[in-house]
Amino acid sequence: MDPFSFGLVMVSAIMHAGWNLFVKKDEDKFLSLTVMAATSGILCALLLLFTPGINAGAWKILIISAPLHAGYRICLSLGYKYGDMSQVYPIARGATPLLVTLLSVILLDIHLALSQVVGIIAIAIGIMWLSFHRGLPNNHEGRAISFALGTAAFITVFTLLDSKGARLSGEAFSYVLWLFVLEGALMFVIAASVNRRRLFDYINRNGKTCMVNGAVMSAAHGLIILALARSPAALVSALRETSVIFGIIFSAWILKERIGPIKLSCTLLVLVGIFFTIFK
């Protein structure tokens, strides 16, 4: 990987951890993600004016995938409502490649290399240890862990769908733009349907900040797409997961969460496992 691509991925990882930090800090995690997703959708809609269209067959996948993306945002907001970022973020990020790999083996009959098996075991141990190192979780912590795993489950399913949709579309970049447009619109409609007054009151108070973070969220995805165009996908996928480390740094430095040796060890184990699952 050339230095420029490496820099793109590192900046993207910092941005990804950064917008997660904002959601965790915000007074209303669901509405913050809603306005961020809507901002991302508007920016992507503008970019669609300059990109080619997609093949009709990809729309069937887009219609299924967009609600899954919205479900991921909702689940993530609930995870941050009940738990620490230093717990929810590593579980959600770490369980995703674990589930993607396992489903690929079960559904697509993909054979694993020894390194990938080692990676799966490392991730599983790290997540289990992170979840239960203090014994059985209480109601609040149990909900946080459940929503973190639910977040990973949503990401897993739409990752598999989007990989197929991007190929069918004929224009992967346009497919991603349409996906974020639909997701942003859907999130906004859901929030307005639940409580329109609350949504617009929130926008009046926090809209500008959320819009900035929505732009950051979009930029993080855009940088990854640029890196993928220049470097091997396996390297990009592995390095982007360093966002877990930045997430831990932010949660300790800014949120003042307690990061003991066990939590740090679990996070590093998950990160090492992610690297092993990506390389054959």
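Predicted model: local features only at pLDDT ≥ 70, side-chain atom pairs only at ≥ 80, totals over all residues.
Let me start with helix 10, residues 261–278. It has 18 residues, and at 1.5 Å a residue they should span 26 Å; the end C-alpha atoms are 26 Å apart, so expectation and model agree.

Which residues of helix 10 are buried? They are Lys263, Cys266, Thr267, Val270, Leu271, Gly273, Ile274 and Thr277. Looking down the axis of helix 10, these buried residues fall within an arc of 160°, so they line one face of the helix. The background is simple: an α-helix has 3.6 residues a turn, so residues three or four places apart point the same way.

Now helix 7, which runs over residues 172–230. A straight helix of 59 residues would span 87 Å at 1.5 Å a residue, but the end C-alpha atoms of helix 7 span only 15 Å. Where does helix 7 bend by about 120°? The place is Asn195.

Next, the record. The unreviewed UniProt entry carries the annotation "transmembrane region" for residues 6–23, 30–50, 113–132, 144–161, 173–194, 210–229, 235–255 and 262–279. I looked at two of these spans in the model. Over residues 173–194 the chain is 100% helix and 0% strand, with the end C-alpha atoms 32 Å apart. Residues 235–255 are 81% helix and 0% strand, and there the end C-alpha atoms lie 30 Å apart.

Staying with helix 7, consider Glu183, which is found in that helix. Is Glu183 buried or exposed? Its relative accessible area is 1%, so Glu183 is buried. Not counting residues up to four places away in sequence, Glu183 touches Ala37, Ala66, His69, Ala70 and Arg73.

A second residue to look at is His16, in helix 1, residues 3–25. His16 has 11% relative accessibility, and the cut-off for buried is under 20%, so His16 counts as buried. Leaving aside neighbours within four places in sequence, His16 is in contact with Tyr89, Arg93, Ala220 and Ser243.

Last, the aromatic rings. How many aromatic pairs does the structure hold? There are four, and I will show two of them. One is formed by Trp59 and Trp178, and this pair is edge-to-face, with 5.0 Å centre to centre and 65° between the planes. Trp59 sits in helix 3, residues 58–82, and Trp178 in helix 7; the pair links distant parts of the chain, 119 residues apart. Trp59, at 30% relative accessibility, counts as partly exposed. Trp178 is partly exposed too, with a relative accessible area of 27%.

The other pair on my list is Tyr82 with Phe147. Their ring centres are 6.0 Å apart and the planes stand at 10°, so this pair is stacked. Tyr82 lies in helix 3 and Phe147 in helix 6, residues 139–169, so the pair ties together parts that are 65 residues apart in sequence. With a relative accessible area of 18%, Tyr82 is buried. Phe147, with a relative accessible area of 24%, is partly exposed.

Notes
Residues numbered from 1 in each chain as written. Heavy atoms only, no water. Helix = DSSP H or I, 4+ residues; strand = E, 2+ residues; numbered from the N terminus. Expected span 1.5 Å × (residues − 1). Bend = angle between axes of the 7 residues up to and from the residue. Buried < 20%, exposed > 50% of the residue type's maximum accessible area, 1.4 Å probe, protein only. Arc of directions from axis to C-beta. Contact = heavy atoms within 4.5 Å. UniProt positions renumbered as here; feature names shortened; annotations may be inferred. Phe/Tyr/Trp six-rings, centres within 6.5 Å; stacked < 30°, edge-to-face > 60°.
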